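Let's take a walk through this protein together. Have a look at the sequence and the 3D view, then read on.

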Amino acid sequence: MLVLIAFVDHTFMGAPIRLPTEETIAEAARILRDGGLVVFPTETVYGLGAHALDARAVARIFEVKNRPRFDPLIVHIADLAMLEGLCETMFDSARRLIDRFWPGPLTVVLPKRSVVPDIVKAGLPTVAVRWPSHPVAQALIRAAGIPVAAPSANPFGRLSPTRVEHLDPVLRSQVDLVIDGGPCEFGVESTIVYVTEEAVTVLRLGALPVEVLEAVVGPVTLQIGSLGRPMSPGQLPRHYAPRTPVRVLRPGETSPPSSHRVGYLAFREAPPDRSFQAVEVLSPTGDLREAAARLFDCLHRLDEAGVDVIYAEPVPEVGLGRAIMDRLRRAATDVGFFPSED
Ligand code: TXA
Ligand code: MG
């Protein structure tokens, strides 16, 4: 009977969700060292972690996420000695960015050492590294004593979880442990930069605004949303998407009348129109930091509200507003997916 309950629990309820006590961290660290998978909080979004130098453990991440193998992972570290173990070369501008922004929501892509398994960096000559500032992430990596490869803990292409309540049940049933650290502070993923001797290129807009980066290293190049083989799959045109079709409104546009059940994502205030099935407001004070932190949570809730379509208001494209608009545009479906109005 007990065996049956344990079986049912793991299959249908998923991995246990634990608060980040010392025992939980120690257990999670053991799981990682042994090749298992742990969902853990970071300051940006929840990560799905595995031993970065264990190719079999990393392969499980790809299976559980349904992630294409061309999409490389970010390796999370908890001190600079770990960085030296992973990267061959350190450029001046990378050093300056690291000094200023680590630990924090910045991922740096650098030439990698041969210890990094091919599967982690999808055959690229580089590896993406990040030292998260979240105390639970730091404690976990330190206790494990190994670098931890971790994509966002969502099925490929879907919204990243910013609370454990957002976790996909199928994904949860395939991991070994979930650590609940409450809501994530930033709510959008880290900013990714590719650094060479000559230039700093932003591959993904994220929690660290471009303006803030530029104050440290001068003008940067943006290479986001490129066509062809993406250098960073957050660059894929449709990504970070809820199940429900999304349409981003133009500035000042009011949502067109619809015979569908409509969910509405407002920036500062709920629209006067009462016909919406569900409404979420990102930040009543117009604070872009709050808006970013709440973005995926609001989209998750609208997705759960049983609507046919979600209309999203645009936000100002400065600071974190650029990452918010980037995520909204990628969540927005192509015309072909949009339910017809007749
Ligand atoms: O905030 C974050 O970065 C979260 C938390 C968990 O740390 N992680 C995250 O991972 O967003 P993921 O796998 O969802 O996104 C990682 C992105 C992908 O778009 C991937 O293509 C890019 O990083 N990436 C990884 N290695 C790369 C490399 N060597 N060159 C270029 N892009 C790389
Ligand atoms: Mg992701």
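A polar contact is a pair of N or O atoms within 3.5 Å; within protein, one must be able to donate a hydrogen and the other to accept it, and residues adjacent in sequence count only if both atoms are side-chain atoms. Helices (H or I, at least four residues) and strands (E, at least two) are DSSP runs, numbered from the N terminus. Keep in mind that this is a predicted model, where local features need pLDDT of at least 70 and side-chain atom pairs count only at pLDDT 80 or more, while totals for chains, interfaces and linings use all residues. Residues are numbered from 1 along each chain as its sequence is written, chains are lettered from A and ligands numbered from 1 in the order in which they are written, and side-chain values use heavy atoms, with hydrogens and water left out.

Start with helix α3, residues 55-65. Asp 54 caps its N-terminal end, with a side-chain oxygen 3.1 Å from the backbone nitrogen of Arg 56. After α3 comes Asn 66, which has a positive phi, near 60 degrees. The buried residues of α3 pack against β3, α6 (118-121), β7 (148-149) and α8 (169-172), where contact means heavy atoms within 4.5 Å.

Now hop to the loop between β2 (38-40) and β3 (47-51), where you'll find Thr 44. Why does Thr 44 count as buried? Because its relative accessibility is 3%. The side chain of Thr 44 also makes a polar contact with the side chain of Arg 130, at 3.2 Å.

Terms used. Buried < 20%, exposed > 50% of the residue type's maximum accessible area, 1.4 Å probe, protein only.
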